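Please look at the structure first.

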Amino acid sequence: MTRIDFAFGANDRLRAACQVARKRYQAGQRLVVYCSEGARLTAFDRLLWAFDDVAFVPHVLATDPLAAVTPIVLTAATPVADAADAADARWLMNLDDECPPGYEAFPRLLEIVTTEPSDVQNARQRWRAYQAAGHTLHAHDLAGRLA
């Protein structure tokens, strides 16, 4: 079953997502980033190039011919878990307001949530949907407020 982690209290959702992508890349792990909203996905793509002056996070769109060999793949379509070997399977990071389609095919799903009321409300709805599907959820407080 997919492990689902929520990181609450991010100051900036896309910047926090960039930091996660960088950590996954530096750890030698692969990641699919999903968002059905094209403008948000494009903003994330641009921020990955600029969020850190010295960091390089190789990434492409899922439609790029190099997607199979690039560590970070961005998609607005249904994300695809492309590795048969679970040890090499890509993780999924959701930047959408809804649960990503097909997330059950991934070993791990990451959700980043800011303190903005609309973002918190959308995250609560996703939390309930994952819980209703039988997942055990893990919460992490990026702001250090959870006990």
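The lining of the largest pocket divides into nine nonpolar, three polar and seven charged residues, where Ala, Val, Leu, Ile, Met, Phe, Trp, Tyr, Cys and Pro count as nonpolar, Asp, Glu, Lys and Arg as charged, and the others, Gly among them, as polar. This is a predicted model, in which local features need pLDDT of at least 70 and side-chain atom pairs count only at pLDDT 80 or more, while totals for chains, interfaces and linings use all residues. Residues are numbered from 1 along each chain as its sequence is written, and side-chain values use heavy atoms, with hydrogens and water left out.

The largest share of that lining, six residues, comes from α1, a helix being a DSSP run of H or I with at least four residues and a strand a run of E with at least two, numbered from the N terminus.

Turning to the rings, the whole structure holds six aromatic pairs, meaning Phe, Tyr or Trp rings (for Trp the six-membered one) with centres within 6.5 Å, called stacked if the planes are under 30 degrees apart, edge-to-face if over 60 and tilted otherwise. One of them is the tilted pair of F6 and W127, 5.0 Å centre to centre with 55 degrees between the planes. Because F6 lies in strand β1 and W127 in helix α3, this pair ties together parts that are 121 residues apart in sequence. F8 and W127 are also tilted, at 6.1 Å and 45 degrees, and ring pairs link F6, F8, Y103, W127 and Y130 into a cluster.
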